[in-house]
Amino acid sequence: MTEERMCSQKTDRFAGKTYEVSARKMAEVYADTMIRLMNDNSDVVELEADLGACIMGGKMDEIGRYPGQLINCGIQEANMVGVACGLAAAGKIPFAHSFAPFISRRANDQIFISGCYSGANVRLVGSDPGIMAAYNGGTHMPFEDIAALRAFPGLTILEPTDEVMLEKLLCMLAGEKGMYYIRCARKAVVPIYEKEQDFTIGKGMVVKDGRDVTVIASGIMVAEALMAAERLEEEGISARVVDMFTIKPFDEELTLRCAEETGAIVTAENHSIYNGLGSAVCETLCENVPVPVERIGVHDSFGEVGDMEYLKKRFHLTAEDIVVKAKAAAARKKG
């Protein structure tokens, strides 16, 4: 195992592997990838709302070797989005980062008018989504960022699952056109994919097959879903796990196929149950293949201070919660 993929082991297991959190933080992957993109293309620009050190860490000096490609707009996310859209109009390829609640809530109108309405070519990066804000607490804990942006025409919403996916999506987006919101962890997460894995924006990934129930998850909930699937297997329930890393445009084809083949669905997201992944699944199924659906997500609550393990339990975002919901969905199918 390379240093890059060294992991600190935990006691849980999924898919026959130890549940491990990578020693490499997602922020490090973001910083290294952005430096490479800046080096390869002088049009790539990183914009920050005074949070460069949070996402770039010790790489700020290295980025300084690329004059004009790192712009600190200060604590003013709305202005930063406007600047990003202006740079895009001038032919630049802007990536604009702030904590997820700030870039989604504070800059909402600028994203809509200067970005989507104007057809801008901008990548918005919202870090520490949902409970990943941890000790920053409820003011920094966005359970509604997808909900706030999902109805914006032309906006693609992505939630990279691990470091492999994050790096590949960033490289892909440097060559794409359009408005993107990337909901991105900063801390270390569970590695799911091997380096050779490829991804298609708008298409989900079946990371484990199964026949009795499908768990459609995103972000940190994919690892929880895989752990849940292993525990369900021990009880004779075969669970399929889908990583729906593109929230919009939504992979209706895969969702319908899973509903037809397994007959029951569980959704799992580090987000409010309102107008997020679970809503997208339910909208698709109720119009085409109505099957039992159980949803894992935050129920009309604000965040609070705590570590990740506490917050997962507090908001019922654990593998154990998925197991309970999967059994309920399967039972409803039998009924």
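Reader: A crossing is left-handed if the near helix is turned anticlockwise from the far one by less than a right angle, and right-handed if clockwise. Which is the crossing of helix 10 and helix 11?

Author: The crossing of helix 10 and helix 11 is right-handed. This is a predicted model, in which local features need pLDDT of at least 70 and side-chain atom pairs count only at pLDDT 80 or more, while totals for chains, interfaces and linings use all residues. Residues are numbered from 1 along each chain as its sequence is written, and side-chain values use heavy atoms, leaving out hydrogens and water.

Reader: At what angle do helix 10 and helix 11 pack?

Author: The angle is about 65°, and the axes lie 10 Å apart (axes are lines fitted to C-alpha atoms, for helices over the stretch in contact, and angles run from 0 to 180 degrees between N-to-C directions). Helices (H or I, at least four residues) and strands (E, at least two) are DSSP runs, numbered from the N terminus.

Reader: And which residues meet there?

Author: Glu252, Thr255, Leu256 and Ala259 of helix 10 meet Val281, Thr284, Leu285 and Asn288 of helix 11 (contact means heavy atoms within 4.5 Å). The contact consists of 4 nonpolar, 3 polar and 1 charged residues.

Reader: Which residues of helix 11 are buried?

Author: Leu277, Gly278, Ser279, Ala280, Val281, Thr284 and Leu285 are buried (under 20% relative accessible area, with exposed over 50% and partly exposed in between, for a 1.4 Å probe and protein chains only). Besides helix 10 (252-262), these residues pack against strand 10 (213-217), strand 12 (246-248), strand 13 (265-272) and strand 14 (293-298).

Reader: Turning to the sheet, what is the strand order?

Author: The open sheet has 7 strands in the order 4-3-5-6-8-7-12, with mixed pairing (two strands pair if DSSP finds at least two bridges between them). Strand 4 (70-72) and strand 12 stand at the edges with a single partner strand each, so one side of each has no neighbour in the sheet. On average, neighbouring strands are turned by 20° against each other, direction ignored.

Reader: How many residues of strand 8 are buried?

Author: 6 of the 6 are buried, so strand 8 is largely enclosed by the rest of the structure. Met179, Tyr181 and Arg183 lie on one side, and Tyr180, Ile182 and Cys184 on the other.

Reader: Which way do its neighbours, strand 6 and strand 7, run?

Author: Strand 6 pairs with strand 8 in the parallel sense over 6 bridges, with Val122 having Met179 as its bridge partner. Strand 7 also runs parallel to strand 8, joined by 4 bridges, and Leu158 is partnered with Ile182.

Definitions and conventions. Ala, Val, Leu, Ile, Met, Phe, Trp, Tyr, Cys and Pro count as nonpolar, Asp, Glu, Lys and Arg as charged, and the others, Gly among them, as polar.
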